[in-house]
Amino acid sequence: MTLRIRETRYFALFAALCLTVPGVQAQFTDLGLLSGGTTCSGVAVNASGTALAHCDDSQGRTLTVRKPLGQAFQSLLTISQNTCRGVGINAQNTVSANCRQDQGEFVPLRWLANLNRQTLTPIPGLLGLLPDVAAVGGAINDSDWIIGTSIGANGQVRPVIWPGGQTAPEMLPMPALLTHGFDAVTCEPVALDNTTVALNGPLVAGTCSVNVNTNVKTRAVLWRRSGGAYTVTVLDTLANADSNCSAVAIADQGGGAVAGNCTGTSDEPQAVYWAAGGTAVQSIVPSVPGGTARSTVAAMAGNDVVGTFRASSGFDHAFMWDPSVMFADVGVLPGGFNSKAVGIVTGSIVPVVAGTSEVGGGASHAFGWAVYQFADVGTLGGPSSRINGVGGPFVIGTSHAADGHERAFIRNFIQ
């Protein structure tokens, strides 16, 4: 393992270890089951410990459920009792979800903490003419803004954002030939931050398919809102002219720092970082002794990026990377060969990597990691567990129980 880090941050990490590692299994909380149900799987959790999960009920339906810490389940169904699939939850306990209608199609929905629901619409068309026919909702920020896509009758997919409290979307512009040198075929927003007040709307990162000299390539983009309208910036690729790039995460209130993946000269993905306020790309490869054939981003918080890379052993390991300070190989739990990072726990002195690692015998366990010290989260009686999402000090995951069914759990890593 390799660690290169400023001395001050090293001691802060070491001190934080006392707060983050001991007593993990004692704070491992089973979310429980719906009445008559047998399974639950974690989806997301916010910093106050409100969990979002998918659980089955006595009728065999898989429902999106919200469970505030220490309270009962709240189930999301459409008026006609059709099911929904949750996407994310914010600090206000508002949920972004997609719900099935009677005709079979799904529509995006904003599920408020007071249990009211707002159905989000596709692009209405100019003066109501030629409106789009469908939409898909995605990530949500703490001001109830939701990103997603709107789909036209001809199948064209366009990126949109629904401002907080509104049901009609605002279209996010796509790169155009005159301003960027190529035409975008389609774009999809993937992440947004919480800078709503400062910039009149959140920063949004996404990925566009574009025509480059008659070839279709992917490019990472950043949308920025000012004066009530969005503009789009195309982020640089690696030196390889044939490189494809995609955005994965954006720093919360970080001025637009973005992490994602670009293909390198060997056509393998490389974890990359675009600093706030610029378009230049920085690869993880120089930070790894001897380089790495393959690396992918999972999440970021501030300037910290976590993901998975191909270690010198030939196995995949989780990593933590601050492009200006350090790179760390997280390694694996005892008995395992492969691990992957899922997110970054925040709220302590320093961030903690949360992920899933093999433990041997074909099983995997959820873990937390800091300063080369692992906290094995364990399971709910079955062989395996995994992390599904992170929110502040909490992680949410899914574990096999002793009866063989899957159960959702949360864990507070800072408590």
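## Disulfide Cys 187–Cys 208

The torsion about the S-S bond of Cys 187 and Cys 208 is about 110°, so this disulfide (a pair of cysteine sulfur atoms within 2.5 Å) is right-handed. The pair links distant parts of the chain, with Cys 187 in strand β14 (residues 184-192) and Cys 208 in strand β15 (residues 204-212), 21 residues apart. Strands (E, at least two residues) are DSSP runs, numbered from the N terminus. The sulfur atoms of Cys 187 and Cys 208 are 2.0 Å apart. Cys 187 and Cys 208 are both buried, where buried means under 20% relative accessible area, exposed over 50%, and partly exposed in between (1.4 Å probe, protein chains only).

## Basis of the values

The model is predicted: local features need pLDDT of at least 70, side-chain atom pairs count only at pLDDT 80 or more, and totals for chains, interfaces and linings use all residues. Residues are numbered from 1 along each chain as its sequence is written, and side-chain values use heavy atoms, with hydrogens and water left out.

## Other disulfides

A search of the whole structure finds four disulfides. With bonded cysteines counted along the chain, the pattern is 1-2, 3-4, 5-6, 7-8.

One of them joins Cys 40 and Cys 55, with sulfur atoms 1.9 Å apart. Its S-S torsion is about 115°, so the link of Cys 40 and Cys 55 is right-handed. Cys 40 lies in strand β2 (residues 40-45) and Cys 55 in strand β3 (residues 51-56), so the pair ties together parts 15 residues apart in sequence. Cys 40 is buried at 2% relative accessibility, and Cys 55 is buried at 1%.

Another disulfide joins Cys 245 to Cys 262, S to S 1.9 Å. This link is right-handed, with 110° about the S-S bond. It links distant parts of the chain: Cys 245 in strand β18 (residues 245-250) and Cys 262 in strand β19, 17 residues apart. Cys 245 counts as buried at 1% relative accessibility, and Cys 262 counts as buried at 1%.

## Loop residues with positive phi

Leu 115, in the loop between β8 (106-111) and β9 (117-119), has a positive phi near 80° and is not glycine. Leu 115 is partly exposed, with a relative accessible area of 47%.

Asp 144 sits in the loop between β10 (134-140) and β11 (146-151). Its phi is near 70°, a positive value in a residue other than glycine. Asp 144 is buried, with a relative accessible area of 15%.

## Asp 267

Asp 267 is in the loop between β19 (258-263) and β20 (269-274) and is exposed at 56% relative accessibility. Asp 267 and Arg 294 are 27 residues apart in sequence and 9.3 Å apart in space, C-alpha to C-alpha.

Notes
Helix = DSSP H or I, 4+ residues; strand = E, 2+ residues; numbered from the N terminus.
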